[in-house]
Amino acid sequence: MSTILKGGTDSGSERLSDQVIRIDVRSERQIQLLQALETEEEFELDFWLQPVSTELPVDIRVPRSSLSSVKEYLHVHDIPFTVMIDNLQELLNQEKAEMEMNQMSEHSTRSFNFGAYHNLETIYSWMDTLVAQHPNVVTKLEIGRSYENRPMYVLKFSTGGSKRPAIWIDLGIHSREWVSQATGVWTANKIANDYGHDASLTSLLNTMDIYMLILANPDGYVYTHTNDRMWRKTRSQNPGSVCRGVDPNRNWDAGFGGPGASSFPCSDSYHGPFAHSEIEVKNVVDLVKGHGNFKAFISVHSYSQLLMYPYGYSCSSIPHQSELDSIGKAAVEKLTSLYGTQYKVGSICNIIYQASGGSIDWSYDMGIKYSFAFELRDTGRYGFILPAAQIIPTASETWLALKHIMEYVRDHLY
Amino acid sequence: MGLRSIVSLVVVLGVGGSLTAMIGHRPGTEVSAGQKPVSAVTRAKPAMAKRQLNPNYYEARRAAQVVFIYLNTRYGSPYKLFGLQTVYSATVEEVGDSGRKYQLKLSVQEIPTDATEKCSAEVFFQRGGKQSPPQVQVLGLKELLKIKTKAKEEALYQKYKAKDPLLSVQYLPDSQGNMDPDMEPFWYLCIAASSFIMLSESTENTLYNMAQVASLTQLPTENNQLKFDSLILLHDIVSQEIPRWKLLFTWSPAEGVKVLQMEQQPRRNG
C-alpha cells in the first residue's frame, strides 16, 4: 500500500481524496465489465484485487478525479459496491505519522540515556523528539538567542486555552551545575509521559501551562564541555577586561548591584554593567512580562540541597513568608520520602547568603507569589561534579517536591 | 574558674592528647615535615553575651564546615574522611576584641562507612580574617576515630612506595563525576591534603569544599613518605569562586598527611 498519491493531503470530503471501493462480484458478466473498466486508461484505476473470479471481491483504488465517472459506470451496469476507504490520503498520513512516532519513540526510549550528562546539541535534538512524541501536550518555543547567538528554547506544556495561568521553571542558569540541566531533561520527559496517566498532573495541565527553560545559559553550558568544567557565568565580553561573563543570577532587577554581588568583571559573582544586561536574562524577563499570567517561578540550581524562597537581596521577611515556608517544608518532606535525602528550607538570605540581583527575588517583586529556588544534590562531597549515576535519583526525588509545589499553586490560584 | 577558662587553659598547656587546636599555614610558606604547629593563646578578656543561632542558617553552617575540614587535616587519609551530617545547635559570642567563638553541637559522618557520631565543637575565628586561620576543638568524638583503616592504608602505601611508573592522574573525578575505583583513595587523600588549605583560608565568610583534583603527580618516595604534587580546585560557596592551589604534600600511614608547600595559582582567564 505504498502507492504515491497525487494531489494534496487534505482530509475532508470524499471528493477531495482517492477512495478504495470494493465490489462483491456476483457474475461472470460483472467480471467482464470490470475488466473492461480496467482498460479505460484515462481513469487511471489501480486494481488492488483483480477481477478474476466470482469467489473473490474486487478492490479498486479510484483517483479522486475519476470517482464520479467510475461510480456512474458501476451504477449504470447495476454493479453494487461499497466504499472501503473513503479518504485514502488521510489514512496514509496517519500511518506515516504513526511510523515516524514509533521510530522516534524507539530512538528515544532505546538510545536516550537520562542517566548521563549530554551536550547542548544532544539535548536540543532530544527536545524535538519529545515534541514529536507528545504533540498534544508539548511545544518548543524559541524565546530569543544567547550572547553567542545560540537559540534559547522553552518547552511549553499545554493542553490549550490562551495564556492560561502558568508555572515557570528554569534550569542550568549557572552552567557548571550540570545536574540541574539533566534534571530538566528527565522532568520534561516525565511531565510529557505522565499527562493522561497521572490524575494529578493531568488535572494540572488541564487548567495550567508549564514553561520549562532547560538550558538557561547555553553559551556557558557549551563552555563547560569545551573549555572549563567550572564555568558559571554567561560568555559576554566585558569592555576593558580580559575576563568574560556575568553571573546571570546577580543580573536581575532586584536589589541590583547590592550586597552579595561583585562589581569586578573577573569575579564569578559579577553582577554585570546594569540589570538585565545579559541577553539570556532579558529573554526570560521579556517572556514573563509579556505573558503576564505566571503564578509560580522556580529556578533550579546545584549544589547544597536547599529549597529557598525570597529574598536574597535582603534578610527581611517577605509578606508571604509563612505560606512559602510551609509549602517548602511539605515539598521537602515529599522529596526526602524517596531516598532520605535531607534538604533545608528557608529564605536565600538566611540559608546561604545575602545575594542581590537574583531571579526569584525579581519574580516575587513582579507579583509572582510562588517563587522558589532549588539547590539540588549534593552537599559538597562531589559538588558540581555529581556522578551521573545520581542524575535519575536526584530528578526523581526533586520531581516529588516540584509536583507538590505545582499542585499547591493549582489549588491556590490568585 | 568557669568552664570556658579551663578549656582555654587546656589549649594553652597543650593538654588533651589528640585535641590540639591547629593553625594553618600562609600561602607560599614552607613547613617542613614533622614540625608541629603552636597553639595560640586566647586572651583572658571577659566575653560578650552568647547569641543562639538557628542551626539551619548560614552562620552555624559555615562554622560547622570548619569543624570537619579541621578533622580531615587531623585524621584524613586515603581511607578516612569526615563530612558534616547535621548541626543541632549553635551559639556565637564575641571574645573581647580578639574574635568570635562558635560553639556547636553537631553530628559528623565518617564518609567511607557512612557511620555518624554526635559531638560538640568550638570554632574560634580571630579578628583579622584570613591573617589568622580559625582554631578548632572537637569534643566527644570517639567511635568514628576507632574505625580501623590501617591495614588498607598500609597496603596502598606498600603498593605505591616503589611504584614504577609513578602515579600520574588528571581530573578526579572527571566531568561526569566518575573515577576509576583504584583512584578513589587518592581522591580522598587529596581532600585530606587540601583541607589544610581550606582550614587556613576559612573565615566566617567562606564555605569551602574541594571541587576537583585537576592533577595529581606522584614524586619519588622521600624519607619513607609517599610524595605528591597536585593542582587542586576548591569551591567557596559564599564567593562562588574556584580558587586554584598548587599543593605539595607527603603521606604515610605512620605520619599521615603533611603539607610541604601550598601556593595559590592565578585565576583561569576565560
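Leaving aside its neighbours within four places in sequence, which residues is B:Leu172 in contact with? Select B:Leu172 and show what surrounds it: B:Met179, B:Met183, B:Phe186, B:Trp187, B:Gln212 and B:Val213, where contact means heavy atoms within 4.5 Å.

This is a predicted model, in which local features need pLDDT of at least 70 and side-chain atom pairs count only at pLDDT 80 or more, while totals for chains, interfaces and linings use all residues. Residues are numbered from 1 along each chain as its sequence is written, chains are lettered from A and ligands numbered from 1 in the order in which they are written, and side-chain values use heavy atoms, with hydrogens and water left out.

Stay on B:Leu172, which lies in strand β6 (residues 168–172) of chain B; strands are DSSP runs (E, at least two residues) numbered from the N terminus. B:Leu172 has a relative accessible area of 3% and is buried (under 20%, 1.4 Å probe, protein chains only).

Next, select both chains. Here 37 residues of chain A are in contact with 33 residues of chain B. The area buried between them is about 2,900 Å², with 50% from carbon and sulfur atoms; buried area is the accessible area (1.4 Å probe) that two parts lose on being put together, summed over both. Pick out A:Tyr353, A:Arg381 and A:Ile385, which supply 21% of the area that chain A buries against chain B, more than any other three residues.

Finally, select A:Asp228 and B:Arg268. They form a salt bridge, with the closest N and O atoms 3.9 Å apart (a side-chain nitrogen of Lys or Arg within 4 Å of a carboxyl oxygen of Asp or Glu). The count between chain A and chain B is one salt bridge.

Note on methods
Helix = DSSP H or I, 4+ residues; strand = E, 2+ residues; numbered from the N terminus. Buried < 20%, exposed > 50% of the residue type's maximum accessible area, 1.4 Å probe, protein only.
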